[in-house]
Amino acid sequence: NNIHLFAVFVNGMFCKNPMQVTPEDFFLPRLNVPGNTDKGLGFNVTQVTATQLPGLNTLGISLVRIDYAPYGLNPPHTHPRATEVLTVLEGTLYVGFVTSNQANGGNKLFAKVLNKGDVFVFPQGLIHFQFNVGKTPALAFAGLSSQNPGVVIIANAVFGAEPPIYVDVLSKAFQWYGNVVKNLQVGFVMSS
Ligand code: MN
């Protein structure tokens, strides 16, 4: 009774049988509905990737709707697989990205205040953010150059990792000593 099991690993999602594809596979409704910005940092991302819209699979593009409460923040994060181009539909956002390490070892911030109708691009892999600097809610839409862009929120990844990154590693990396790192880790673990 020798049963051999062969596991197949796929980098990405399977394609549906083309003969069984329907218009629904290319359709997603209700992107006009605001996301809930009550919790956390006061922002909400509604994703339209290949997970929500199967027809995007293999096509190298996706979309997000981002809602911001007054003073809401989409905190520093990066998309490993996509450039992002964002436009503001309502409100005023302070946005920016930081370059990869330059020849002199430094990193340069490219930042701008955006108003309704303005467009800004966040190049692939670079850390970027958006902050609603207005007293009213803000709304943006962004296109991303991958059907599965991925996201790494920097603070969560560094201080909220499970199991936690060894305190001595973070203390040395950030040149913070005493209980600073430990307190940050406790805050992130408890809030996640
Ligand atoms: Mn982004």
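User: In which strand does Phe122 lie?
Analyst: Residues are numbered from 1 along each chain as its sequence is written, and side-chain values use heavy atoms, with hydrogens and water left out. This is a predicted model, in which local features need pLDDT of at least 70 and side-chain atom pairs count only at pLDDT 80 or more, while totals for chains, interfaces and linings use all residues. Strands (E, at least two residues) and helices (H or I, at least four) are DSSP runs numbered from the N terminus. The run of residues 119-122 includes Phe122, and this run is strand E7.

User: Is Phe122 buried or exposed?
Analyst: A residue is called buried under 20% relative accessible area, exposed over 50% and partly exposed in between, using a 1.4 Å probe and protein chains only. Because the relative accessible area of Phe122 is 1%, this residue counts as buried.

User: How far apart are the C-alpha atoms of Phe122 and Asn156?
Analyst: Along the chain, Phe122 and Asn156 are 34 residues apart.

User: How many strands does the protein chain have?
Analyst: Reading from the N terminus on, the elements run β-β-β-β-β-β-β-β-β-β-α-α-α. Besides three helices, the protein chain therefore has a number of strands that comes to ten.

User: Which strands are the edge strands of the open sheet?
Analyst: Five strands form this open sheet with antiparallel pairing, in the order E6-E5-E8-E3-E10, where two strands pair if DSSP finds at least two bridges between them. Each edge strand pairs on one side only, and the two are strand E6 (109-114) and strand E10 (152-153).

User: Which residue in E10 is the bridge partner of His77?
Analyst: Strand E3 (residues 73-78) is joined to strand E8 (residues 127-132) by three bridges, running antiparallel, and there Leu73 stands opposite Phe131. With E10, strand E3 also pairs in the antiparallel sense, over two bridges. In E10, the bridge partner of His77 is Ile153.

User: What are the protein donors of the manganese ion?
Analyst: Donors are N, O and S atoms within 2.8 Å of the metal (3.2 Å for Na, K and Ca), and sites may look incomplete because water is not among the atoms. In sequence, the donor residues are spaced H-x1-H-x4-E-x43-H. Lying 2.1 to 2.2 Å from the ion, the protein donors are His77 (NE2), His79 (NE2), Glu84 (OE) and His128 (NE2).

User: What percentage of the residues of the protein chain count as buried?
Analyst: Taken along the principal axes, the C-alpha atoms of the protein chain fill a box of roughly 60 × 55 × 40 Å. Of its 192 residues, the share that counts as buried is 32%.
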